[in-house]
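Hello,

Here is the structure I promised to pass on. My notes follow below.

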Amino acid sequence: MSEAVRWLLRSLRRIVAVTLAFLLVWLGGLGWFVMSSLLLRANPAASTDAIVVLTGGKLRLDAGIELLAAGKAQKLFVSGVNQQVDREELLRPFGALPDRVRCCIVLGHGADNTFGNARESATWMREEGYRSLRLVTSWYHMRRSLLEFGRAMPGMKIVPHPVFAHHLDPERLWGWHGAIPVVIEEYGKFLATWVRPLIDAILPPAGKPPVIRTAASNRVPVRPDP
């Protein structure tokens, strides 16, 4: 066997070993993500200043309205509502709600992803002067939502309220929109969210002026010429 062939085999073995190690780490992370998400449980006895529901399913809004009606918060903020949908249209499927509930539901139309949900909700929370919130979203979406909301509102008390589907059709587990592909996709998004600060530190977002140090060690933003 020639030296070139031996070198090629050694290289292939290294590649396979690295790939297997990466796969094991990824699978271990996926297992942690699923188990930790499933183990998150809502604390219905806890009260907060506000309830924040992230759009994405009727069960989420069901839970938020039920909590508001039970007096668990002063207001309910629904983040990520379509620009064309007003409060009356959003609440129509719920029938006649008590005035004390209907009057305290606020819609946010400025977000189209979880990052935007967190920023939109943070702005509303500051405007209201609130210091605590109950976050309502699907169980598989909770980990990423807590990460985004914690970054957008450091120091804010955030009570997770994961929503679980009551029934799951086994035949849809592996479908294109089934539970397992959705969870795997969400895990990938969670990892991307987790490493985003590191990426931003290495590659600052476009449009943000770089920072230089002067002789006096003051930070001065360098702005492009108009």
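In β2, leucine 76 is the bridge partner of isoleucine 51. The model is predicted: local features need pLDDT of at least 70 and side-chain atom pairs count only at pLDDT 80 or more, while totals for chains, interfaces and linings use all residues. Residues are numbered from 1 along each chain as its sequence is written, and side-chain values use heavy atoms, with hydrogens and water left out.

β1 (residues 50-54) and β2 (residues 75-79) pair in the parallel sense over five bridges. Pairing takes at least two DSSP bridges between two strands. Strands are DSSP runs (E, at least two residues), helices too (H or I, at least four), numbered from the N terminus.

β1 also pairs with β4 (residues 132-138), again parallel, over four bridges. There, valine 52 stands opposite leucine 135.

β1, helix α2 (residues 58-69) and β2 form a right-handed β-α-β unit. Right-handed means that, with the strands pointing away from the viewer, the path from the first strand over the helix to the second runs clockwise.

How many of the residues of β1 are buried? Five of five. Buried means under 20% relative accessible area; exposed is over 50%, partly exposed in between (1.4 Å probe, protein chains only). Ala50, Val52 and Leu54 cover one side, Ile51 and Val53 the other.

**Helix α1**

Leucine 12 is found in helix α1 (residues 3-39). Leucine 12 is partly exposed, with a relative accessible area of 45%.

Best wishes
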